[in-house]
Amino acid sequence: MATAEYVKFVDVTKCDGCRACMVACKNWNDLPAEPEAFQGSVQSHANVTANTWNVLSFIEHENGQGNLEYLFRHSSCFHCTDAACVKVCPEDAMHYTEFGTVDVDSDKCVGCGYCVQNCPFDVVQLATYKDTNGKEYKKAQKCTMCVDRLEEGMQPACVTTCHTDAMEFGTKEEMLKKAEKRLSEIKERFPNAMIYNPEGVGGTHTIYVLAEKPSVYGLPEQPKVPTSAIVWKDYAQPIGKMMLGATSMALVGAFVSNKLFNKEGKDHEEDGGGGHE
Amino acid sequence: MKKSVVSKEYQKLQKEIISLQEQWKTSLDPDRILPRIDKAAMESGVPVVAWTAIDFDIPLFLQWIEDIGKLLANYQPELEKTIETIKGLLDEETAKRWIDEAFAFNHIYFASFAEEQEIDGWIPQFIAETVLRPYLQLTAEKVQGEIQYAVHGAGCPVCGEPVRLAQLEDGGKKVLHCPRCLAHWHDKRITCSHCGNEDHETVHFLTIEGESAAQIQVCEECKGYTKIIDTRQYIVKPTPAMLDLNTIHLDFVAQENGYKSAGETKQTN
């Protein structure tokens with residue numbers, strides 16, 4: 001299959017909050033139910049969790065005219081082009097797929113949680129499992145953009161189930177065009193409407209047409225890969241590797257010199273030993 | 001998840017054949033095909049091709065056979081000799097006969113042809129059918145605007161191929177597709193496309209675990225089946241011919257469960 005760069009386009013202004021995307025996700029990915037306490041609104045979960053990869057957020061917002069807007073947003077992994085989780089992962093478990101999306105290789109994941117700490121959108125979470133001996137271990141979990149479906153030429157489960165066509169899936173170019181067109185249509189109704197495809201993370205593979213500013217939806221206005229992640233991965237780790245190189249060289253050096261000057265060293269030690277008595 | 005049981009290599013070959021047919025079709029002079037829409041005949045289930053005057057270009061037909069031969073030889077070099085033999089046998093008269101017999105889907109003729117010439121049984125009909133399709137497809141293209149519905153039990157309204165493949169399209173509409181001539185037409189969701197049975201008690205669906213986009217509609221009245229594929233879930237819609245091939249496991253499942261690709265017509269009296 002010739003691989004193109006695909007994008008999920010979410011038009012929140014078409015969403016009617018039915019939550020079928022959440023059900024489709026649980027169903028396709030075989031994720032367990034999570035009993036949740038009442039959140040004080042219709043929203044089921046406060047945020048995505050390790051076993052609930054997408055959550056429909058319900059926001060009560062007072063608009064410029066003092067009217068109440070009930071805003072819905074399908075929230076799941078953004079699949080950043082320049083993903084912090086991929087950057088910080090020490091085991092290369094977080095990786096980019098051939099479709100440009102971000103996925104976790106559970107075999108490699110050691111559950112260190114760096115990705116959880118560095119995700120600018122608070123998407124990645126750790127799931128706890130128990131092995132046969134009852135010992136607990138953790139793995140990072142998040143939306144995979146149904147990569148197993150993409151590999152077979154099918155759209156993600158959430159997209160196929162959306163009955164208002166609030167979600168669409170296609171090539172990046174086509175989806176961005178659709179987003180622009182939709183934005184021009186809704187500008188009058190929602191003056192603050194915008195396309196959310198943040199540059200700070202190199203653009204994302206889930207792009208939104210938002211009716212209001214990102215902060216209204218609880219999204220960072222300008223998300224970026226945390227500086228600490230850049231320092232860690234781009235500077236500290238390479239330097240660390242270099243240092244490791246230096247240490248090994250020193251070891252080799254020490255070994256060689258020890259071999260060469262073995263006799264002298266030995267004499268020296270014997271001398272030292274004698275000195276104690 | 002894995003959607004098809006067909007090997008990647010065979011899929012690739014089929015894709016190449018389809019694109020070859022597409023090229024052939026565009027190279028055809030459209031005026032060579034003059035379809036005649038006879039409403040009365042269509043209503044009684046006579047396929048459009050039966051009323052269509054097709055002026056076959058025999059040299060072009062032979063050229064296509066050479067093209068397909070070359071393509072097949074890329075995959076199975078030992079076929080090259082057989083293709084050469086066939087090319088030697090195909091004079092203008094035999095070529096005309098091939099067209100007629102391929103039209104009528106006369107497998108008996110092709111089987112005996114193969115036997116006489118001591119070549120593999122599948123080759124003559126496969127080649128004849130492959131090179132006939134561009135003509136059928138161009139016919140279908142020309143009359144598609146007139147095709148809305150088909151007569152149940154009569155197969156494809158353009159070429160007469162038995163019905164076996166439907167797609168769910170925008171708004172959940174069931175659209176039947178002919179993998180042979182690529183014509184398409186509508187039908188009701190809970191209706192057997194073979195016998196027209198609308199009784200929901202006797203029209204069932206077979207679903208296969210792990211198949212999120214495919215179902216087999218079966219009819220207890222005529223024992224016919226139709227593969228129904230929800231292509232709305234696909235990123236890129238495949239051509240009906242590829243879709244038919246890639247869902248061949250559904251045909252096996254349906255047939256193993258006692259259903260047929262052409263329903264039985266019941267004696268009314």
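This is a guided tour of a predicted model, stop by stop.

Residues count from 1 along each chain as its sequence is written, and chains are lettered from A and ligands numbered from 1 in the order in which they are written. Local features need pLDDT of at least 70 and side-chain atom pairs count only at pLDDT 80 or more, while totals for chains, interfaces and linings use all residues.

**Stop 1: the annotated cysteines**

Centre on C80(A). It sits in the loop between β3 (68-75) and α2 (84-88) of chain A. Helices (H or I, at least four residues) and strands (E, at least two) are DSSP runs, numbered from the N terminus. C80(A) has 29 C-beta neighbours inside 10 Å, so it counts as buried. Buried means 20 or more other C-beta atoms within 10 Å, with C-beta atoms placed from the backbone. Beyond four places in sequence, C80(A) touches V102(A), V201(A), G202(A) and T204(A). Contact means C-beta atoms, placed from the backbone, within 7 Å.

Now move to C119(A), in the loop between α3 (114-118) and β6 (125-130) of chain A. C119(A) is buried too, with 26 other C-beta atoms within 10 Å. Its contacts beyond four places in sequence are A84(A), C85(A) and V124(A).

**Stop 2: a sheet in chain A**

Show the open sheet of 4 strands, ordered β8-β1-β10-β9, with mixed pairing. Strands pair if DSSP finds at least two bridges between them. β8 (167-171) and β9 (194-196) stand at the edges, each with a single partner strand, so one side of each has no neighbour in the sheet.

Zoom in on β9(A). It runs antiparallel to β10(A) (residues 206-210), joined by 3 bridges. Y196(A) stands opposite Y208(A) in β10(A).

**Stop 3: two helices in chain B**

Select α5(B) (residues 92-103) and α7(B) (residues 122-143). They pack at about 85 degrees, with axes 9 Å apart. Axes are lines fitted to C-alpha atoms over the stretch in contact, and angles run from 0 to 180 degrees between N-to-C directions. That makes α5(B) roughly perpendicular to α7(B), a term for angles of 65 to 115 degrees.

Show side chains. W98(B), I99(B), E101(B), A102(B) and F103(B) in α5(B) meet A128(B), E129(B) and L132(B) in α7(B).

Terms used. Angles under 35 degrees count as roughly parallel, over 145 as roughly antiparallel, 65 to 115 as roughly perpendicular and the rest as oblique. Two residues are in contact if their C-beta atoms, placed from the backbone, lie within 7 Å. A residue is buried if 20 or more other C-beta atoms lie within 10 Å of its own, exposed if 12 or fewer, and partly exposed in between; C-beta atoms are placed from the backbone.
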